[in-house]
Amino acid sequence: MAHDFQVVVDTADPHELAGWWAETLGWPVEPTDEDFVREMVAKGYAKEEETRTYRGKLVWRTGAAIRHPDSPPDGPPRRILFQEVPEPKTVKNRLHIDVWVGADNVEATMEKLTARGAKFLWRGRQGPHSWVTMADPEGNEFCIS
């Protein structure tokens, strides 16, 4: 039996990094239901300090997600969840995202991402395939090819 899953990225600021990746992938940030957040606090299921205001909206402090635009409205979404962790990234990722932009678009994409806070790390090649390894604004490695 096949299983659905989501990818989770540890981050210092889930809302900022979710926004960065949403723009990078062309995926929307999942909207937050402010009434639901308020209700959970009012009923004692959550505490006020577990929320914050981000860009004028009440959100959960510790998480934000982006969703593939073609995810079905009902059923498990194709999404990346960004969750707050207290410690900074210190070593190389053991898992990373590959973003396929097409060989003719790699250089322009690399320039755009660098202008938005990404860092070039190195170029790789295996046979006829090549890629550029970069780091997002929090240092998480990813490749474009």
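The dialogue below takes these topics in turn.

Q: What kind of model is this, and how are residues numbered?
A: This is a predicted model in which local features need pLDDT of at least 70 and side-chain atom pairs count only at pLDDT 80 or more, while totals for chains, interfaces and linings use all residues. Residues are numbered from 1 along each chain as its sequence is written, and side-chain values use heavy atoms, with hydrogens and water left out.

Q: In which sense do strands S1 and S5 pair, parallel or antiparallel?
A: Two strands pair if DSSP finds at least two bridges between them; strands are DSSP runs of E with at least two residues, helices runs of H or I with at least four, numbered from the N terminus. S1 (residues 7-11) pairs with S5 in the parallel sense over five bridges, and Val 8 stands opposite Leu 81 in S5. S4 (residues 63-67) and S5 pair in the antiparallel sense, also over five bridges.

Q: Is Pro 88 buried or exposed?
A: Buried means under 20% relative accessible area, exposed over 50%, and partly exposed in between (1.4 Å probe, protein chains only). Pro 88 is exposed because its relative accessible area is 62%; Pro 88 is found in the loop between S5 (79-84) and S6 (97-99).

Q: How many salt bridges are there between domain 1 and domain 2?
A: A salt bridge is a side-chain nitrogen of Lys or Arg within 4 Å of a carboxyl oxygen of Asp or Glu. Between domain 1 (1-89) and domain 2 (96-144), bounds that come from an automatic or database domain assignment, the count is two. The side chains of Glu 141 and Lys 89 meet in a salt bridge at 3.3 Å, N to O.
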